[in-house]
Each structure stands twice: as structure tokens, then as C-alpha cells.
Amino acid sequence: MISWIARLEECNVHHPCELPGGRVLSVDALRGFDMFWIIGGKKIFKGLDEACDTPLTNWLFSQLDHAEWYGFTFYDLIMPLFLFLVGISMVYSTRKRLGTVPSAQVLWKHIGIRIAWLWVLGMAVQGKLLTYDVNQIKLYSNTLQAIAAGYLFASIIILYLPVVRQIAVTLFLMLVTWGAFLWIPVPGFGTNTYAPDGNVAIAFDKLILGRFQDGTTYTWILSSLNFGATTMLGVFTGYLLQSRVSALQKFYGLLLSGIALVVMGLLWSIWHPLIKHLWTGSFVLFSGGLCIILLSVFYGIIDVFEYRKWSFPLVVIGSNAIAAYVSANIFDYRLVAKVFVGGLEQYVGSWYPFVLAAGGFSVLYLLLLYLYRNKIFVKV
């Protein structure tokens, strides 16, 4: 364990370890894999389930919805994976900017602008900003805003602390959140309560956001601390990916680290339940471990054994992830697809929702492919 921390320390954002090839292809592919489910995969599998209606398709589609409260489904991994991958990207982007202008103070202009853009886009996607009705607008209610919060915490941590202290502060963020549940009483419920309508996190949201709270049982203000922790797990993974150890050692390091975090998350959940809506510390560790295991699979296939051609469509999606996410949530690409496949409904019957969903995704993919081929990358 000490040797791994030493390797992370030697390759943090302040001490470059330049490696051949720069970007890690498996990270781009995993980002595309994550985005696929948000921009089209769920609708495609919903159409498949409606057409087939078998126990297998029923189960597959059940995994594409969030756990009602306790527990975990595959779809619960999508948002943590998004934050985790942002953390990995921060290692590369921050190091590059510090190499050009070696001043943390200069970076804060870029950080502030990026956070502002993420916040506004999050409000446009899910906060009803585009209704232009102040009575409907929600201030904090979307994944992009969670990324903004995680990005802010991670920026502070990695710019001003050495790796050992970064790890300590990341643990501290999770423990502070747990402590709030343990010791801060909620009127009518007491302390250490995780009821959907009676927990300290939702109480904070209602108190601070007031009428701008999103009206769901998802929490944001207190959970922001753990958004930072999830992002930092990506940062630590980025350090490992840029370290000087061999690719095979990185693969084993990722796999074992992921398994360890999953086990720790499950153990902690005995006292601090695993709940995505609250983004509890146990959820951070469990979901973060799964993110690292998933990355180890992609890394092993793509970067260790060099089976890469299959990943090209995922890389295309991942290269413009924010643009894909925002556009897919603001505009329904099935409307365009319907122009071309609408006449097939009379022939395909119950398969039409599947055909339409696949068509909508194809329209968006072709747009992303055009951007990729022309080296147009929309960044925030």
C-alpha cells in the first residue's frame, strides 16, 4: 500500500510523468460507454423489452432504472462513472495547464468559467431553466451540477495538497457526511435516519434551496462533499495511469483497488447505508470500486492486450460527451429518425419503439461522428 502511494505521489499534477501516447484510449472508450446508456441505450433496451417481454429482457430493462432507495442497479453506476472520469481527465488537463502556466491562481479563471457553464447547462437540462419561469426553475438538480461541485472540491484538493493529504481530505469529506447523519437531528425523525423524507441531507436542501429545491428525494448540498470524494477517486486513478509502472501492473493495480473499494463500501453500508439518492460514503466507495473495476476491464482489453478497433464507436461518443449529453436531453433525436423510419411502423408492429429508439440514437451518433472526423470537440 505504501509503495502504491509513493508511486501516486511521484506522479501527481505537480510532478509530471510524461508517457508515450498522451491520452489513454480506454478512458475515452469508457466515457463513451457511459454516455451511450444516457443518450440512447436505455430507450433502445426499453423498446427491446416491449417487443420481446421475456424474463431476460424484463431483468435487463430493470437494471436501466435507478434503485428506488436502498440497493444498487447498473444504472446507478452511470452518474458516479461520469464524475469518476472527470477526475481522471483533471489529472491530464491540470498537469497540461500547469506545464504551460505554472500558477494555480491562473487556473482559477478556467475553473470558475467551467463550473459556471456546467451549472447553467445543468439547469437547462433538468432545472427547467428553458421554461423561463422563475416559479419552475430548480437551482441544483442535475448530474452536470454534481460534476461542477465535485470538480470544485477536487480542484482545491489537487492544487494545494500533496497526494497523502489528498487521500486524507477525501476520506474526511466522506466522514463529515457520515457524521452529519449520525449527529445532526432532523425534526420529527431524530439522528441517524435515512428515511426518504426525513434525513439530514434532504433537510439541508429544503432549508438552503427553499422553493428552488427540485422536489425529489435526491439530495445535493450535503452530497456535494461526496461528489468531491467520487471525483477524487478518479484523480487517484489518473495518477496511477500516468505513473511509470508497466501497463500490466496498472491493470492489476486497478483491478485490486476496485475490488477493495467494493468490499469496503459493502462493509460500511452495514452502518451507513448504500443509497444513491443521498450519495452516502458507502455509495462512494462501492460505486467508485465498480468504476475502477470497469476501467480495469477496458484498460486490459484496449491498452494491455491492444484490442482496439471495437472501441472506435465508443471513443466517438466519449470525445464529445458533454455535447451528446446536453443535446440528447434537450432535443429528442427520434423526431428526426421518425422522418426516415416512421413508415416502418405498419410492418414491424411491436418492434417499432425499438426501431425508433435505434434510429434516434443513430442520428445523434452520425452527428458525433461528423464532429469527430472534423476534429470538432465541444468542451466546457
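(Buried means under 20% relative accessible area, exposed over 50%, and partly exposed in between, with a 1.4 Å probe and protein chains only.)

Before going on, note that this is a predicted model, in which local features need pLDDT of at least 70, side-chain atom pairs count only at pLDDT 80 or more, and totals for chains, interfaces and linings use all residues. Residues are numbered from 1 along each chain as its sequence is written, and side-chain values use heavy atoms, with hydrogens and water left out.

**Stop 1: aromatic pairs**

A search of the whole structure finds 25 aromatic pairs. Rings of Phe, Tyr and Trp (its six-membered ring) pair if their centres lie within 6.5 Å; planes under 30 degrees apart count as stacked, over 60 as edge-to-face and the rest as tilted.

Select Phe227 and Trp279. Their ring centres are 5.0 Å apart and their planes stand at 80°, so this pair is edge-to-face. Phe227 belongs to helix 9 (residues 223–241) and Trp279 to the loop between helix 10 (247–268) and helix 11 (281–304), so the pair ties together parts that are 52 residues apart in sequence. Helices here are DSSP runs (H or I, at least four residues), numbered from the N terminus. Both Phe227 and Trp279 are buried.

Phe298 is in helix 11, while Trp310 is in the loop between helix 11 and helix 12 (312–318), so the pair ties together parts that are 12 residues apart in sequence. With a relative accessible area of 7%, Phe298 is buried.

**Stop 2: charges over rings**

Select Lys42 and Tyr75. The charged end of Lys42 sits over the Tyr75 ring, 4.9 Å from its centre. Next, select Arg114 and Tyr151, where the charged end of Arg114 sits over the ring at 4.8 Å from its centre. (A charge sits over a ring if NZ of Lys or CZ of Arg is within 6 Å of the ring centre and within 35 degrees of the ring normal.)

**Stop 3: Asp49**

Select Asp49 in helix 2 (residues 25–52). Asp49 is buried yet has no salt bridge, and the nearest side chain of opposite charge, Lys46, is 9.0 Å away. A salt bridge is a side-chain nitrogen of Lys or Arg within 4 Å of a carboxyl oxygen of Asp or Glu. Lys and Arg count as positive and Asp and Glu as negative; His and the chain ends are not counted.

Leaving aside residues up to four places away in sequence, Asp49 touches Thr54, Thr57, Asn58 and Phe61 (contact means heavy atoms within 4.5 Å).

**Stop 4: positive phi**

Most residues other than glycine have a negative phi. Select Asp53, in the loop between helix 2 and helix 3 (55–62). Phi of Asp53 is positive, near 50°. At 57% relative accessibility, Asp53 counts as exposed.

Finally, go back to Trp279, which has a positive phi of about 50° although it is not a glycine. Its relative accessibility is 2%, so Trp279 counts as buried.

Definitions and conventions
Helix = DSSP H or I, 4+ residues; strand = E, 2+ residues; numbered from the N terminus.
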